[in-house]
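Trainee: I would like to go through this model with you. Please show me the sequence and the structure first.

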Amino acid sequence: MADIAAANREALDRLCRARPAWTAVRSGREALGLEGRTLLHAGPPIEWARMCWPMRGAVKAAALFEGWARTADEAEALAASGDIAFAPCHSRGAVGPMAGVISPGTPLLVVEDAVNRTTASSFIADGPWGHQLRFGAHGPETLNGLRWIRDAVAPALSAVLEREGPIDLAALMAQAFTMGDEMHMRNAAATGLLARRLAAPLVAAVPDAARLEPIMRLVTRDNDQFFLAWSMCAAKAAARSIEGLEASTVVCTMARNGVEFGIRVAGLGEPWFTAPASVVEGVYFPGSAAGDANLDTGDSAIMETYGLGGLAMASSPAVQKIVGAKSWEDALATTRDMGEICVGRNPLFPIAVLGGEGTPTGIDIRRVVKTSIVPKITTAIAHRAAPRMIGAGIATAPMAPFVAALRAFAERYGAARA
Amino acid sequence: MTLDAGLDQPLRVVNVGLELFAEQIEAQGAAVDRVDWRPPAGGPDIASLLARLED
């Protein structure tokens, strides 16, 4: 029998020693080798016919952005014809928030972990608030926004990195964690810290004030969740260090495509284990209600895979209000529960209310099945048929993928029969 | 000791799992120690699978 304990100690060690840094801005073509009519999407594999409305909208936006179609109807016909190849972001070392659609020409952050020698990518931004690709928007505001990010924002950020060198995300995130971010649904501190880091170099890189002003606005004030792309890349770079780790029962991927929730397990390699995505228990913006909500969506559950987000809820009083946690005690109990299903703690993210104990890290499928405790995910809620965010909440992962993964693990490692 | 004799004395109850049971006993004035436990997920074969996959 394989030494599961040793493998899981190694998994925890890799997750804890990861030191991701932002090193470059590259297109999907350059960073991920995307070619032809290929699109990446959030969550486990899914074909056009089963995609939810927000993902279909994001696919249309990407097809228009790439020039594969001239109208939304043409883009839809193209996708339905089978002429676009779809693959999960996770299959290429990338992550995408909500619909998470990435095309060959999408400018991406490149994050590298020099300790574990891994990389990860995600898109920088995806259109102005209310017109974001991630929620399925594909109108002129979105397309103009995507082109501006490609033609103005990406070169400016690239110039900053060329001047400054890599930006240490591990240090920035550790600081933001002590400032109340759990870095899934609250990135306000991290966004502020990143803006502080970028401000002077951006001024130097973009001397034309008329060009600089909208970039500074994007970085500094439009969206407290601006940093989410960076936090997701950092978490993905860390999680990639355990992909394929023989004999480990630690989860290396959790993601949702708006229809299904899926996991992958370190010691089981590529296969996904899926179940229908959850209904998010949430707090809705005025004018929206639970009946408007899409099912749980996006690759952002990589944050929980890394031990942040819902697993660290006790450390973030601010996020408890954002996602509608019932009480302070409830958030504390959630983090304690999450500790029951993890192999250890990450000292990079100490939780003051737990005496400085690190955040629970390394979800073990055996513990999930044994305790019947499933991961809790803090998350945004997408409208099911309109291109916008309508609230935020807590998603409870379905149990079935963990049970199925445990059975597959037992089969793979010769423990299925006594 | 018969059951009746036992119930004559102040009760101290250990409740394993369902919170509703603990609340109902507390409503009768008895002290309850809670053990947070849920049965493993899956099916009848899961317990033996878990045992074989223990550290």
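Trainee: Is B:Asp33 buried, partly exposed or exposed?

Mentor: This is a predicted model, where local features need pLDDT of at least 70, side-chain atom pairs count only at pLDDT 80 or more, and totals for chains, interfaces and linings use all residues. Residues are numbered from 1 along each chain as its sequence is written, chains are lettered from A and ligands numbered from 1 in the order in which they are written, and side-chain values use heavy atoms, with hydrogens and water left out. Buried means under 20% relative accessible area, exposed means over 50%, and partly exposed lies in between (1.4 Å probe, protein chains only). B:Asp33 has a relative accessibility of 32%, so the class is partly exposed.

Trainee: With which residue does B:Asp33 form a salt bridge?

Mentor: A salt bridge is a side-chain nitrogen of Lys or Arg within 4 Å of a carboxyl oxygen of Asp or Glu. B:Asp33 is in strand β2 (residues 31-35) of chain B, and the partner is in strand β1 (residues 12-16) of chain B, 21 residues apart. Helices (H or I, at least four residues) and strands (E, at least two) are DSSP runs, numbered from the N terminus. The closest N and O atoms are 3.2 Å apart, and the partner is B:Arg12.

Trainee: Which residues are joined with A:Glu10 into one network of salt bridges?

Mentor: One bridge has its N and O 3.6 Å apart, between A:Glu10 and A:Arg17. A:Glu10 is partly exposed at 26% relative accessible area, and A:Arg17 is partly exposed at 31%. Through shared partners, A:Glu10 is joined with A:Asp13, A:Arg14 and A:Arg17.

Trainee: What is the relative accessible area of A:Lys236?

Mentor: The side chain of A:Lys236 meets that of A:Glu243 in a salt bridge of 2.8 Å, N to O. A:Glu243 is partly exposed, at 26%. A:Lys236 is buried, and its relative accessible area is 0%.

Trainee: How many salt bridges are there over all chains?

Mentor: Side chains of opposite charge can pair when their charged atoms come close. Counted by the 4 Å rule, the total over all chains is 27.

Trainee: At roughly what angle do the axes of α5 and α8 of chain A cross?

Mentor: Axes are lines fitted to C-alpha atoms, for helices over the stretch in contact, and angles run from 0 to 180 degrees between N-to-C directions. Angles under 35 degrees count as roughly parallel, over 145 as roughly antiparallel, 65 to 115 as roughly perpendicular and the rest as oblique. α5(A) and α8(A) are therefore roughly perpendicular. Their axes come within 11 Å, and the crossing angle is roughly 80°.

Trainee: How many nonpolar residues has the contact of α5(A) with α8(A)?

Mentor: A:Trp148, A:Ala152, A:Val153 and A:Ala156 in α5(A) meet A:Pro214, A:Ile215 and A:Leu218 in α8(A). Ala, Val, Leu, Ile, Met, Phe, Trp, Tyr, Cys and Pro count as nonpolar, Asp, Glu, Lys and Arg as charged, and the others, Gly among them, as polar. No polar and no charged residues take part, and the nonpolar count is seven.

Trainee: How many charged residues has the contact of α3(A) with α4(A)?

Mentor: The axes of helix α3 (residues 53-66) and helix α4 (residues 72-81) of chain A come within 9 Å and cross at roughly 105°. The contact is made by A:Arg56, A:Val59, A:Lys60, A:Ala63 and A:Leu64 of α3(A) and A:Ala72, A:Ala75, A:Glu76 and A:Ala79 of α4(A). By class there are six nonpolar residues and no polar ones, and the charged residues number three.

Trainee: What is the phi of A:Ala247?

Mentor: Most residues other than glycine have a negative phi. A:Ala247 lies in the loop between α9 (228-240) and β7 (251-257) of chain A, and is buried at 6% relative accessible area. Its phi is positive, at about 75°.

Conventions
Contact = heavy atoms within 4.5 Å.
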